[in-house]
Amino acid sequence: MIVALVVALATASAPAIAQAPAAAPPAGVTYRNPVLPGFYPDPSVVRVGEWFYLVNSSFEMFPGVPIHRSRDLVSWEPLGHVLTRDSQLPLATAEPSRGIFAPTIRYHAGTYYMITTNVSHRGSFFVTAKDPAGPWSEPIWIAGHQGGIDPSLFFDDDGKVYLTSTGSPPGIYQSQIDVATGKLLTPRPRLVWKGTGGRYPEGPHLYKIGGRYYLLISEGGTEYGHMITVARASSPWGPFEPCPRNPILTHRDTEMSQPIQATGHADLVDDGKGNWWMVFLAIRPQGGHYWHHLGRETFLTPVRWDAQGWPVVNEGKPIRPDMRVAALPARATPAAVPVRDDFGGPLGPAWNFLRNPVRASTSTSERPGWLTLHGTAVSLEQDKGASPTFVGRRQQHVRARIAARIDFVPARDNDEAGLVLYRAPRHRYEIGVRRSGAGREVFVRQTVGAHISTVTASAPAPGKDPLILQIDAEAARYTFSWGTSPDRLQKLGAAEPRFLSSEVAAGFIGTYVGMYALSPGGAAPAAFDWFDYEGRE
Ligand code: 6LW
């Protein structure tokens, strides 16, 4: 009542105060970075028609080189993997964070090309396909002296094809290549650019834009000193003149309050509408400290060309989680991703194995509607050789609920099965089921580094009924709980994501969450009725 009166008085006497017109909503559209969250490093992109195709490195994970497609560069649909056969992807000798390093995807005259390096087996090779969803060819190994990593292909308009990669001594090397055979047509790879002086000049890509050859690379290493630099020349062989504004993108030396760090390893693409974009990797440190556990993720930024013909990244401003741009290449509605996988058919593209899987150890048909895992003596501890019975997916959200219903009655001591947060053989957390005396128990085990692998909590789980195992992920805490039904779970323990971070566990992958089984005697199969992954951010 009082308010109304004051207003009446005010309005009665005071001249009408012109209401400032409501501020027009800022022009353009917003999107969220990372555009591909979770362990998706070293992104490479190509546009074919209205579709963009993106690939990422995959190291010791199988299948290898995940491939996604998008029409707007923001909502990415998984198409599967490029390397899906053991013959394409021998990983038995791949130790943690070895195997498949940075890939490049390109398209030329009706054929898709994916080139990468298996650092654990013979080095660089490429595969081809007519359909990006596959099947992709058997490897064509690079024949010649161009070792190094991060190979990239450039198809020039005179029909020549160039292979660009790192090399030794540090620098960017180039050869002409015959993509029919993989044979190098340049006697010795030529050093074309050393970069601007940062360590590890890598991740090179050659482009011809506006009649000039641009060489985009990363320097500084894939951590907090990461940066993107560019140079150009009138010939693919150089000499390459560096951009006066290098690095064109870096978040090095930024405050910890900058939520995005380690920006680097990029690839450029035009959207066919005159706009240019860049995908690149970066990280999201947690807890206000320099640690990140989701791995290096895929980010997107707009690029424009200044009057001198040099790229300007995001108008020279830092990359933000919430980006505003004039427009995206298309209007696309992201496909809804179901929280529950109830294993009603073959495992989908989200699921990975460690190294080349033992096909007989994993089945979604043995018990229809269930995922059956046959544990072997190979544990998650093993860092090369045979593959443990493990099926995992990337943790893509800092906050998430992960749960599964498991039907497992351990037959012998040392038989166990359950859920695992996996970062490396000696950096993982399990909530599992195992024998305890004549019965069984649920337990939490934490393995952190060379000397710590401890069961930090356990509880009797009488009977033989299926159990629910759950992990609630928060920025600084994983909480483990279990029960006989989802609405009656009891907490069992907690652990810190920090110890699964790249800064602690080292390596190039990110945290996986998945199902595992271990059975030295190969006795008791573990069956999973369903698996829930619910991102909460
Ligand atoms: C990749 C190299 C790099 O091949 O790390 O961040 C290597 N950059 O370019 C593995 O991701």
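The structure is a predicted model. The protein contains two helices and 40 strands. Its radius of gyration is 26 Å, close to the 24 Å that the globule rule gives for 537 residues, so the protein is as compact as a globular protein of that length.

**Overall form and surface**

- The C-alpha trace of the protein spans about 90 × 75 × 40 Å along its principal axes.
- Of the 537 residues in the protein, 57% are buried.
- Among the contacts with a separation of 6 or more, 58% are between residues 24 or more positions apart.
- The protein has an accessible surface of about 21,900 Å², and carbon and sulfur atoms account for 55% of this surface.

**Nonpolar cores**

- The largest nonpolar core has 62 residues, and within this core Ile431 and Phe531 touch the most other members.
- Leaving aside neighbours within four places in sequence, Ile431 is in contact with Gly418, Leu419, Val442, Phe443, Val444, Leu469, Gln470, Ile471, Phe480, Ser481, Trp482 and Leu492.
- Another core, of 38 residues, lies apart from the largest one, and its members include Tyr31, Leu73, Val269 and Ile319.

**Cis peptide bonds**

- Gly134 and Pro135 are joined by a cis peptide bond, with omega near 0°.
- Pro135 is located in the loop between strand 9 (123–129) and strand 10 (140–141).
- A cis peptide bond also runs from Asn246 to Pro247, where omega is near -10°.
- Pro247 belongs to the loop between strand 19 (241–242) and strand 20 (249–250).

- Val65, a residue other than glycine, has a positive phi, near 55°.
- Val65 is part of strand 5 (residues 64–70), and its relative accessible area is 0%, so Val65 is buried.
- Arg122 likewise is not a glycine, yet its phi is positive, at about 70°.
- Arg122 sits in the loop between strand 8 (111–118) and strand 9.
- The relative accessibility of Arg122 is 63%, and Arg122 therefore counts as exposed, whereas Val65 is buried.

- Thr301 is placed in strand 23 (residues 297–305).
- With a relative accessible area of 0%, Thr301 is buried.
- Beyond its neighbours within four places in sequence, Thr301 is in contact with Tyr31, Trp277, Met278, Phe280, Val313, Asn314, Ile319 and Met323.
- Among these contacts of Thr301 are Tyr31 and Ile319, and both Tyr31 and Ile319 belong to the core of 38 residues.

- Gly274 is found in the loop between strand 21 (261–270) and strand 22 (276–283).
- The relative accessible area of Gly274 is 65%, so Gly274 is exposed.
- In sequence, Gly274 and Arg304 are 30 residues apart, while in space they are 9.5 Å apart, C-alpha to C-alpha.

Key. Residues numbered from 1 in each chain as written. Predicted model: local features only at pLDDT ≥ 70, side-chain atom pairs only at ≥ 80, totals over all residues. Heavy atoms only, no water. Helix = DSSP H or I, 4+ residues; strand = E, 2+ residues; numbered from the N terminus. Rg over C-alpha atoms; globule rule 2.2 N^0.38 Å. Buried < 20%, exposed > 50% of the residue type's maximum accessible area, 1.4 Å probe, protein only. Contact = heavy atoms within 4.5 Å. Areas by Shrake-Rupley, 256 points an atom, 1.4 Å probe, with all protein chains shown as cover. Core = buried A, V, L, I, M, F, W, Y, C linked by side-chain atoms within 4.5 Å.
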